[in-house]
Structure formats: C-alpha cells, structure tokens
Amino acid sequence: MGLIRKSLAVGTLGVVHGSSKKQRVAKATLKSTQAGAAAVADANRLAAQQAADEREFRYATDPVYRKYIDDKQAAEESLRRASAEQAAKAARLKRERRRQRWDAAKGALRRPASTSVNGNGNAAAPQAYAARAQAEFERGDDGAALKEIDAGRKLALKRRDVDALHTLLLTTRALAGHPEKATGAKLKRIEYALSQNIAQVNRIKTRS
C-alpha cells in the first residue's frame with residue numbers, strides 16, 4: 001500500500017510539473033510576441049515621424065517642392081469645393097423639382113380646406129399630417145412622408161373627415177410623381193386606401 005501511494009504521489013507531481021512548464025513556455029512566448037509587436041509598432045511610428053520631419057524640412061528648404069505641395073493642396077481644395085457646390089446644387093434642384101410636382105398636383109386636385117374640428121374645438125389635425133408629409137417630401141424623405149400620410153389617414157377616417165382625406169390623397173398623388181423604389185408599392189397601397197376611405201365616409205354620410 002505504501003508503494004502504491006508513493007507511485008501515485010510521484011505521478012501527480014510529474015503532471016503538475018509538466019503543466020507548469022508548458023504554462024511558463026506559453027507565457028514566455030506570449031511576452032515575446034507582444035514585445036515583437038510593440039517593437040514593430042514603435043519602428044513604424046518612428047519611420048512615420050522621420051518621413052514627416054523630412055517632408056517638413058524639404059518643404060521649408062526646397063522651393064520647387066514647396067510649390068508642388070502648395071499647388072497640389074490648392075487643387076484638392078478646389079476639387080472639394082466644386083464637389084460640395086455640385087452636391088448642393090443637385091439637392092436644390094431636387095427640392096425644386098419636388099416642389100413643382102407638388103404645386104402641379106395641387107392645381108389639378110385642389111380641394112377646399114376642411115373646417116372640421118375635434119372635441120376640443122381645435123382645427124382638424126389631419127391637415128397637419130399632410131403639411132408635415134409635404135415637408136418630408138420636399139426634403140427627399142419619401143418614407144417619412146408616407147408615415148405622416150398614413151397616420152393622418154387613420155385619424156381622418158376616424159373623424160369621418162372627407163376633406164382631410166382628400167388633402168391626404170392630394171399629397172399622396174404628388175408623391176407618386178417620382179417615388180423611390182422602396183416606397184412605390186406603399187404609395188399605391190396608401191392611395192388606394194384613401195380612395196376607399198373617401199368612398200366609405202361618403203356612403204356613411206349619405207345614409208345619415
């Protein structure tokens with residue numbers, strides 16, 4: 001029994017010893033790798049700093065190089081400004097085209113403003129949804145405009161406000177001029193829903 005215990009003790013000590021040695025080797029390897037990576041990073045930073053110092057010195061002492069750098073920076077700045085102006089011009093033209101489509105749709109589908117009021121005597125809110133939808137539309141966010149229209153549609157239907165539904169339909173048809181691909185199908189669904197809502201409210205009012 002004493003011999004067995006001694007053998008087990010020796011075996012156990014051997015396993016622990018081997019495991020500890022592997023851990024030490026792994027730690028040493030990790031430290032070596034980290035030290036190597038740090039040395040490479042330091043070398044890269046030093047090389048970048050030296051290159052920057054050399055460019056700065058050359059810029060200060062070489063008139064030809066200085067003119068080359070100045071001309072290059074001026075050309076890049078001119079290109080950046082031209083690109084920014086072109087983008088701003090394109091955005092203005094897009095907003096103007098949308099505004100023109102909106103005005104054309106209003107002329108073709110003009111309806112009298114609703115005089116409906118809610119229980120508190122305030123002006124009907126669906127018109128506010130239409131106004132916000134128009135603003136989103138002119139900014140180019142068709143998705144946000146559709147959300148405003150649909151929210152106004154639900155409120156106008158609840159209040160049985162035909163004029164408000166017509167105003168929202170007008171807004172939807174203005175949007176339908178050049179819809180984004182992602183909103184084209186939604187526009188059609190909302191336009192159809194508005195038409196059905198108008199007919200539904202008219203039937204209810206006729207029966208009354």
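**Note on the helix packing in a predicted model**

1. Helix α4 (residues 142-159) packs against helix α5 (residues 162-175) at an angle of about 160°, and their axes lie 9 Å apart. The two helices are therefore roughly antiparallel to each other, since angles over 145 degrees count as such. The crossing of α4 past α5 is left-handed. These values come from a predicted model.

2. On the α4 side, this contact is made by Asp142, Ala145, Leu146, Ile149, Gly152, Arg153, Ala156 and Leu157. They meet Ala164, Leu165, Leu168, Thr171, Thr172 and Leu175 of α5. Sorted by class, the contact of α4 with α5 has nine nonpolar, three polar and two charged residues.

3. The other pairing to consider is α3 with α4. Their axes come within 8 Å and cross at roughly 170°. That angle makes α3 roughly antiparallel to α4. The contact of α3 with α4 divides into 10 nonpolar residues, one polar and five charged.

4. From α3, the residues in that contact are Pro126, Tyr129, Arg132, Ala133, Glu136 and Phe137. Their partners in α4 include Asp142, Ala145, Glu148, Ile149, Gly152 and Arg159. Asp142, Ala145, Ile149, Gly152 and Ala156 of α4 are listed in the contact with α3 and also in the contact with α5.

5. Which residues touch the most other members of the largest nonpolar core? They are Ile149, Leu165, Leu168, Leu175 and Leu194, out of 18 residues in that core. Two or more residues each come from α3 (126-139), α4, α5 and α6 (181-207). Helix α5 gives the most, with six residues. As background, nonpolar side chains in soluble globular proteins tend to be buried together.

6. Leaving aside neighbours within four places in sequence, Ile149 is in contact with Ala133, Leu168, Thr171, Thr172, Leu175, Ile190 and Leu194. Of these, Ala133 belongs to the α3 side of the α3 and α4 contact, while Leu168, Thr171, Thr172 and Leu175 are in α5. Ile149 and Leu165 are 16 residues apart in sequence, with 9.5 Å between their C-alpha atoms.

7. Leu175 is another of the core residues with the most contacts to other members. Not counting residues up to four places away in sequence, Leu175 touches Phe137, Asp142, Ala145, Leu146, Ile149 and Leu187. Among them, Asp142, Ala145, Leu146 and Ile149 are in α4, and Phe137 is in α3.

8. Ala131 and Thr171 are separated by 40 residues in sequence and by 8.6 Å in space, C-alpha to C-alpha.

9. Turning to the chain as a whole, there are six helices and zero strands, and the pattern along the sequence is α-α-α-α-α-α. Of the 208 residues, 22% count as buried. Among contacts in the chain with a separation of 6 or more, residues 24 or more positions apart account for 69%.

Notes:
Residues numbered from 1 in each chain as written. Predicted model: local features only at pLDDT ≥ 70, side-chain atom pairs only at ≥ 80, totals over all residues. Heavy atoms only, no water. Axes fitted to C-alpha atoms, helices over the stretch in contact; angles between N-to-C directions. Helix = DSSP H or I, 4+ residues; strand = E, 2+ residues; numbered from the N terminus. Parallel < 35°, antiparallel > 145°, perpendicular 65-115°, else oblique. Left-handed = near helix turned anticlockwise from the far one by under 90°. Contact = heavy atoms within 4.5 Å. Nonpolar A, V, L, I, M, F, W, Y, C, P; charged D, E, K, R; others polar. Core = buried A, V, L, I, M, F, W, Y, C linked by side-chain atoms within 4.5 Å. Buried < 20%, exposed > 50% of the residue type's maximum accessible area, 1.4 Å probe, protein only.
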